[in-house]
Amino acid sequence: MIYREMGKVISNEEIAEGIYKTVFISPNISSSSMPGQFVNILPSLDWRNVMRRPMSIASQGNDEISIIYKSVGEGTRIMANWAIGEKVDLIGPLGNYWEGYKSSFPIIVGGGVGIAPILNLHDVLLEKKIDHCLIMGARHSGEHFFPHEPQNKVFLSTDDGSLGIKGNVVDILKSIYPIGKHSQNTKIFSCGPPMMMDEVRNYSNENKLDCDLALETIMACGFGICQGCTVERKAETNGVHSYRNRFALACLDGPIFNAEEIISCV
Amino acid sequence: MRVKLKDIEFSSPILTASGTYGYGHEVRDMADVNQWGGIITKSVTRHPREGNPPPRIAETRSGMINSIGLANLGVEKYCNEIIPSLNELQTKVIINIAGSAMKDYLETMEMLESKNGKHVGYEINISCPNVKEGGIEFGVNCEMTEQLTIEMRKRTDKLLIMKLSPNVTRIEDIAQAAESGGADAVSAINTVVGMAIDVKTRRPKLNTAFGGLSGPAIKPIAIANVHKVFKAVNIPIIGIGGIATAKDVVEFLLAGATMVQIGTMNYQNPNLGIQLKGELSEYYSQNEIEKTEDLIGKVEYHSN
């Protein structure tokens, strides 16, 4: 079931440099969403552009959902200024969700704008007491909003070394899991900038690890009618709909794809 | 609010534009699809098409450009998988057909005709700007438009609507060709050729470089084209292009449209057509308009 619901903003805060977290009361979407799914948001009721803004859900439960986003463009700047009590037009939950984490040792890797679905999965794994490793990348310490805790298998990287390990998320992967040192049931779950995910994908490939990636594409509707949010899959992939075998839709067939299934993350 | 095209009565003059509402059932959680005047389905072609490579869409000011490339499962699967679900809809269904050669258009229609679907008509896409095979060769040529219309007319008694492109020198000539070929109505406009470039990478924002611009950005172009066609033909016009409000609908009616289609704004609000039906009815009562016909083509020119 897809709901269109007016979410009521109950908090909207800058949690790190340029990064905002908004919590909505949105009972229907909250009770029906799974980690990895997204909502398609109308930034304001007098929004003059035509496209909504798709945002991964960072948490769900107790009638609430949250999103985490960088204020970078026209839509997200409006969002960063939402007042408490404001009603926001939401469509969701949309897309597929993280799977295969119960029977694996999950290494979950996020960076940049890909924080929300990774944190959502992290929380679920904590709740279900599933042992896992969280790796989060940023350019510098100002963009992180929780501590580097290697003892709890929470690793942060920064490009400039101002917090955690200097380098990117794949540098962390390589330093804590040298080639061949993975337990057999390790599975990687990742979301972040396309370049980062391509590196994570290469790493998984080299280490023969199962890997799921949550991709970000440009998107209009979010529910399969505009057919704009295309992701190119390897031709032999068998889909349900013949005409979506090669050009899958991020909104229906994704946003989560297996690393082996797609041509690239860009 | 009721309006007739030939002998078919629609509960409201508001239809979905092809390619912007799937086959209706995709949005059933969010909208009572049967409240639309009718559903015009995404283009079907003779053979399956996987469509164009990404990126296929880009946002521009008050609009978007797309180059989907008529991705669809082809008429054979359409007959087996889509028609049964279309038959369950309580509203009127019009099937949109695209093609490249005359033979493709005709075979597609023949297969659909043989199916005993509940659909009331066909809209013929002779104006897709994004693929060579999208029929645009027909849509820019009067003789080809007339020939295609004649051949399709021979094959169906259902509503026959030719969808016109604004990317021509004189849209009124193409409209007349459709009329003399036997079309029951024309719809106008399909998207306007557009392009956007990422200044950082210097790459076009669409894989195919050129695409079709739609949304409120094209409404004035659409109004002008509808009005030109209105002055040139006697068959009804279905106006399309950037409708977002009830006033937009009235503007199209005044320009000469008998019905309208809502397209791009469905992506933002899948309930828009139903909402506008209510607002339009309020507009009618506030302005003492008894029926839609009282507005059609009633634009009043400046007298000087």
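Hi everyone, let's start with the fold of chain A: it has 5 helices and 16 strands, where helices (H or I, at least four residues) and strands (E, at least two) are DSSP runs numbered from the N terminus. The radius of gyration of chain A, taken over C-alpha atoms, is 18 Å, close to the 18 Å that the globule rule gives for 266 residues, so chain A is as compact as a globular protein of that length. That rule is 2.2 Å times the number of residues to the power 0.38.

A word on what we have here: this is a predicted model, where local features need pLDDT of at least 70 and side-chain atom pairs count only at pLDDT 80 or more, while totals for chains, interfaces and linings use all residues. Residues are numbered from 1 along each chain as its sequence is written, and chains are lettered from A and ligands numbered from 1 in the order in which they are written.

Back to chain A. Its C-alpha trace spans about 55 × 45 × 30 Å along the principal axes. Of the 266 residues, 51% are buried, meaning 20 or more other C-beta atoms within 10 Å of their own; exposed is 12 or fewer, partly exposed is in between, and C-beta atoms are placed from the backbone. Among contacts with a separation of 6 or more, 63% join residues 24 or more positions apart; a contact needs C-beta atoms, placed from the backbone, within 7 Å.

Now over to chain B, and a sheet there. Four strands form an open antiparallel sheet in the order S5-S6-S12-S11, pairing being at least two DSSP bridges between two strands. S5 (57-60) and S11 of chain B are the edge strands, each pairing on one side only. The twist averages 40° from one strand to the next, with axes fitted to C-alpha atoms and angles from 0 to 180 degrees between N-to-C directions. S11(B) and S12(B) share 4 bridges, and Met195(B) has Phe210(B) as its bridge partner in S12(B).

Ala196(B) is partly exposed, with 17 other C-beta atoms within 10 Å. Beyond its neighbours within four places in sequence, the contacts of Ala196(B) include Ala58(B), Thr60(B) and Pro204(B). Ile65(B) is another contact, 131 residues away in sequence but 8.1 Å away in space, C-alpha to C-alpha.

Last, the interface: 28 residues of chain A contact 31 residues of chain B. S14(A) gives the largest share of chain A's side, 3 residues.

Conventions
Contact = placed C-beta atoms within 7 Å.
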